[in-house]
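Reader: I have a structure open and would like to go through it piece by piece. Can we do that here?

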Amino acid sequence: MPSYIEGHIEKSMRFVRETGRPLFRPLKRKGEGKLTGFLGRWAGLGPYYAMFPMEFALKTVRYYCPQGGRVLDPFAGRGTSIYAAAAIGRTGVGIEVHPAGWIYGQVKLCPAPKDAVLARLAELAELARSGSAPAIRQLPEFFRWCFSSEVLRFLLAARSHLNWRRNSVDRTLMAFLLNNLHGDLARSLSNQMHQSRSMAPDYSVEWWRSKKMQPERKDPIAFLTARIEWRYKHGTPQFSDSKVRLGDSVEVLTELARRRERFDLLLTSPPYYAVVNYHYDQWLRLWLLGGRSRPVKSKHMSRGGFENMIDYQVLLHRVFEKAAMLLTPRAAVYVRTDAREFTLYATYTALQYAFPGRKIQVRDRPYQGKTQTELFGDKNLKPGEVDLVLSARRR
C-alpha cells in the first residue's frame, strides 16, 4: 500500500483512539438535513445494508450539485442519494444490481396510487384462498416455522402472481411485502427475526424450537392494509424524472454513455471488500422475488461477498471509468468508502485511474455508534469510513 494512504490511516486511527472524536464534521446549515411530511415518510421505505443517512445525502447533493442538476449513483442500494436529489430540486439516475434494493428505490420515487395497490392486495387475497396445502408442505421446514399458514399461502400467491419487474402497482405492493417480510413480531409477517438480514434456515429453526416460538397467526391483508394506509397518509412523491435502474452498473453506464446522458455529481458508496454478501444475506426476500428456497452463495463479481481482491479492484476500476465518461467537465465526485486498508486503497486508486490529474480530498468518518456487523456478533474494532472527494473543477 502506498505510504501516503498508510500514513493517513495510522494518523486517523491514532487520533480517534486518543480523543474519541471524529476528524471531520460536515458543514451544517439549519433546516437542510431533514425531509418532512410524506417525503420523510417514504424516504425510510426498505431495510437495507450500508444505507446513506438521509441527512448526509441531502447536504451533499445540495452543496455539490447545482439546482436543476443531475446526480449519478452506480451503487444505489435503496436509492437514498437519488431520492434526496429529487426531493430538493435535482434529478438523478441510480443503478442497483440487487432486485430488493431496486424495488425500494424505484417505488419511493414514484409509488403507484393507493387505491390501485389496495385493489391488487384484495385480488391476491382471493388467489391466496385457493392456495393448496401441498404447495406449503413442499417448502423446507424453515418456512413453516417462520410464517403462519395464512401468511405463507399469501406469500406464495404474491410470489407467483406479482409482476414486480414491469408493473408499477405490483412493484409497489411487493415493496410493502419486502419491507415487512421479516423482523420483530409486532412489525413483520414472520416469526421473530432480524429485519435487515435473513438468517440461516437451520440456525433459525433451532433457535425458534429451543424457545418454543411458533409463528403467530396473522391476517396478512389487514396487516398490510394498515401499513399501506400509514405510508400514504400524507401523500406520495412523484419524481418520475428520476429513476433507479435494475442491472449491472458497467452495462447500464455503457448504455447511458451511448445516450450521451450527463451528470453534475457522482455520489455513491461502493460495496466494501469482504464485509457483506448482499444476495446471500437477503435470501428470503430473494425467494419471495422468485429465487431459491435456501440461501446460496454466488461467485459473481457483482453478486457475491466481494471477497476476491482482483475482482473487487476490477469492478471499481470499470465502474468509475464508465461513470467518468458521463460527468460534465465541472462535476464533483463524492465517494464514501471503508477506512480499512484494502478497501480504501482499492477505491482511492480506482478514482485516480478514472480521474487522472484531479486532487482527491480525504475526509475521515469514524463510526459514532454500533455498526450493523457488530449487531450480528462481530466485535472487532472498526476504523470507520472515509469520504473521498473530488470537488468541481474551477472555470
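Author: What follows is a short exchange about the sheet, some aromatic contacts and one serine. The model is predicted.

Reader: Start with the sheet. What is the order of its strands?

Author: The order is β3-β2-β1-β4-β5-β7-β6, an open sheet of seven strands with mixed pairing.

Reader: Which strands stand at the edges?

Author: β3 (243-246) and β6 (361-365) do. Each has a single partner strand, so one side of each is left without a neighbour in the sheet.

Reader: And how much are neighbouring strands turned against each other?

Author: By 20° on average, with direction ignored.

Reader: Back to β6. How many bridges join it to β7, and do the two run parallel or antiparallel?

Author: Five bridges join β6 to β7 (residues 385-390), and the two strands run antiparallel. Within that pairing, Gln-361 stands opposite Val-389 of β7.

Reader: Switching to aromatics. How many aromatic pairs does the structure hold?

Author: It holds 17. One of them is Tyr-312 with Phe-342, a tilted pair at 6.0 Å centre to centre and 45° between the planes.

Reader: Where in the chain are Tyr-312 and Phe-342?

Author: Tyr-312 is in helix α15 (residues 309-324) and Phe-342 is in helix α16 (residues 341-354). They are 30 residues apart, and the pair links distant parts of the chain.

Reader: Buried or exposed, those two?

Author: Both Tyr-312 and Phe-342 are buried.

Reader: Which residues do ring pairs link into a cluster?

Author: Phe-52, Phe-56, Tyr-63, Tyr-64 and Tyr-334. Phe-56 also has Arg-336 over its face, at 3.9 Å from the ring centre.

Reader: What about Lys-108, which ring does its charged end sit over?

Author: The ring of Tyr-83, at 5.6 Å from the centre.

Reader: Last topic, Ser-204. Which helix is it in?

Author: Ser-204 is in helix α11 (residues 201-210).

Reader: Why does it count as buried?

Author: Because the relative accessibility of Ser-204 is 5%, and buried means under 20%.

Reader: Which backbone oxygen lies 2.9 Å from a polar atom of its side chain?

Author: The backbone oxygen of Ala-200.

Reader: And what does Ser-204 touch, not counting residues up to four places away in sequence?

Author: On that count, Ser-204 touches Phe-142 and Met-199.

Terms used. Residues are numbered from 1 along each chain as its sequence is written. This is a predicted model: local features need pLDDT of at least 70, side-chain atom pairs count only at pLDDT 80 or more; totals for chains, interfaces and linings use all residues. Side-chain values use heavy atoms; hydrogens and water are left out. Helices (H or I, at least four residues) and strands (E, at least two) are DSSP runs, numbered from the N terminus. Buried means under 20% relative accessible area, exposed over 50%, partly exposed in between (1.4 Å probe, protein chains only). A polar contact is a pair of N or O atoms within 3.5 Å; within protein, one must be able to donate a hydrogen and the other to accept it, and residues adjacent in sequence count only if both atoms are side-chain atoms. Contact means heavy atoms within 4.5 Å. Rings of Phe, Tyr and Trp (its six-membered ring) pair if their centres lie within 6.5 Å; planes under 30 degrees apart count as stacked, over 60 as edge-to-face and the rest as tilted. A charge sits over a ring if NZ of Lys or CZ of Arg is within 6 Å of the ring centre and within 35 degrees of the ring normal. Two strands pair if DSSP finds at least two bridges between them. Axes are lines fitted to C-alpha atoms, for helices over the stretch in contact, and angles run from 0 to 180 degrees between N-to-C directions.
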